[in-house]
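Please keep the sequence and the model in view while reading.

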Amino acid sequence: MGRAGAHPSVVRWASTHPLIYEMNEPVTLNFMKTALLPLFVLSLAMLTQTSHAKIKTEVVEYKSGDATLQGFLAYDDADNKRRPGVLLIHDWMGVSDYAESRAKQLAELGYVAFAADIYGKGVRPKDPKEAGGLAGKYKGDRALYRERLAAGLAQLTDNKLVAPGKVAVIGYCFGGTGALELGRSGAKVKGIVTFHGGLGTPTPTDAKNIQCPVLVLHGEDDPFVKPDEVAAFKKEMEDAKVKYTFIAYPGAVHSFTRPDAGNDNSKGAAYNEAADKKSWAEMKKFFTEIFS
């Protein structure tokens, strides 16, 4: 299935259509406007500072069994109204600056965002080799992975600012695998979004437990998520009658949302600005639909 009325195996291609705005009309300021201009600039600066100051962040310690975890919370503290929450599952580098920056972006959109910690307090890989070992540990032990995912979800849903029953989960790379695994565990979330995430699972029949729509944002040329894995995922979703949308971005490889991934596609992981912007826009549209 896809979104309403769409066949589940349909791939919607993404493209970029930049808008260029030009202003070539002469501007004339009279004396009064000129005199007030500094005050206007000062007021604008103050408003800008105020809007940025609304986003509050916190490092949050919580538990999963005997393990102490350390996540990152971001939200707009301008008021105390309840709002939807978004659980963010980090990539293989853990709760890094990247995960925190995405949590802040989600908070700027009006959500309570919580970047869950899968690895544990103080466990932050120093390089890809160490990251690969840590990610492999949890991908190889899905029960443990699900425990850590559930702990992060509980931490977010218990937040007094989160509207009951209005939580989605997103994940990047390793975290994309986690977001899907949380759904397969039967977690009550409104939607699942993966960005260049792994799609495979040792228990595909668990897809029957997914209770919400799924949005997969994939690099068409990703060498780490091969065509047979994509095909198996689509079959898994269709067999379980899960409503899902699969969007592949031409020319995009793994890690296409990370600017620090460089721009050399031959390495298998590289930033793709068009895919990054398009995928974020798709996520926002998806959230509008599921939270309405």
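The structure described here is a predicted model.

## Helix α3

Helix α3 covers residues 128-139, twelve residues in total. From its first C-alpha to its last, α3 reaches 16 Å, which is close to the 16 Å expected at 1.5 Å a residue. At its N-terminal end the helix is capped by D127. A side-chain oxygen of D127 lies 3.2 Å from the backbone nitrogen of K129.

The buried residues in α3 are A131, L134, A135 and Y138. Viewed down the axis of α3, the buried residues fall within an arc of 95°, so they line one face of the helix. The elements that cover these buried residues include α4 (142-157) and α5 (174-184).

## Salt bridges between helices

Side chains of opposite charge can pair when their charged atoms come close. In this model the count comes to 14 salt bridges. One of the pairs is formed by the side chains of D276 and R102, at 2.9 Å from N to O. This pair links distant parts of the chain, since D276 belongs to helix α7 (residues 273-291) and R102 to helix α2 (residues 97-108), 174 residues apart. D276 is buried, with a relative accessible area of 10%, and R102 is also buried, with a value of 5%.

A salt bridge also joins the side chains of E181 and R146, at 2.8 Å from N to O. E181 lies in helix α5 and R146 in helix α4, so the pair ties together parts that are 35 residues apart in sequence. E181 counts as buried, at 0% relative accessibility. Both E181 and R146 belong to a network of salt bridges that links R142, R146, E181, R184, D206 and E236. The helices α4 and α5 that hold this pair are also among the elements covering the buried residues of α3.

K285 forms a salt bridge with E282, and the closest N and O atoms are 3.7 Å apart. Both residues lie in helix α7, three residues apart, which is about one turn of the helix.

E282 is buried, with a relative accessible area of 14%.

## Cysteines

A disulfide is a covalent bond between the sulfur atoms of two cysteines. How many disulfides does the model contain? The count comes to zero.

C173 is buried, with a relative accessible area of 8%. C212 also counts as buried, at 7% relative accessibility.

## Histidine 218

H218 lies in strand β7, which covers residues 214-219. At 5% relative accessibility, H218 counts as buried, because it falls under the 20% cut-off for that class.

Which residues does H218 touch, not counting residues up to four places away in sequence? The contacts of H218 are V225, V230, F246, I247, A248, Y249 and F256.

Key:
Residues are numbered from 1 along each chain as its sequence is written. This is a predicted model: local features need pLDDT of at least 70, side-chain atom pairs count only at pLDDT 80 or more; totals for chains, interfaces and linings use all residues. Side-chain values use heavy atoms; hydrogens and water are left out. Helices (H or I, at least four residues) and strands (E, at least two) are DSSP runs, numbered from the N terminus. The expected span of a helix is 1.5 Å times one less than its number of residues. Buried means under 20% relative accessible area, exposed over 50%, partly exposed in between (1.4 Å probe, protein chains only). The arc is that of the directions from the helix axis to the C-beta atoms. Contact means heavy atoms within 4.5 Å. A polar contact is a pair of N or O atoms within 3.5 Å; within protein, one must be able to donate a hydrogen and the other to accept it, and residues adjacent in sequence count only if both atoms are side-chain atoms. A disulfide is a pair of cysteine sulfur atoms within 2.5 Å. A salt bridge is a side-chain nitrogen of Lys or Arg within 4 Å of a carboxyl oxygen of Asp or Glu.
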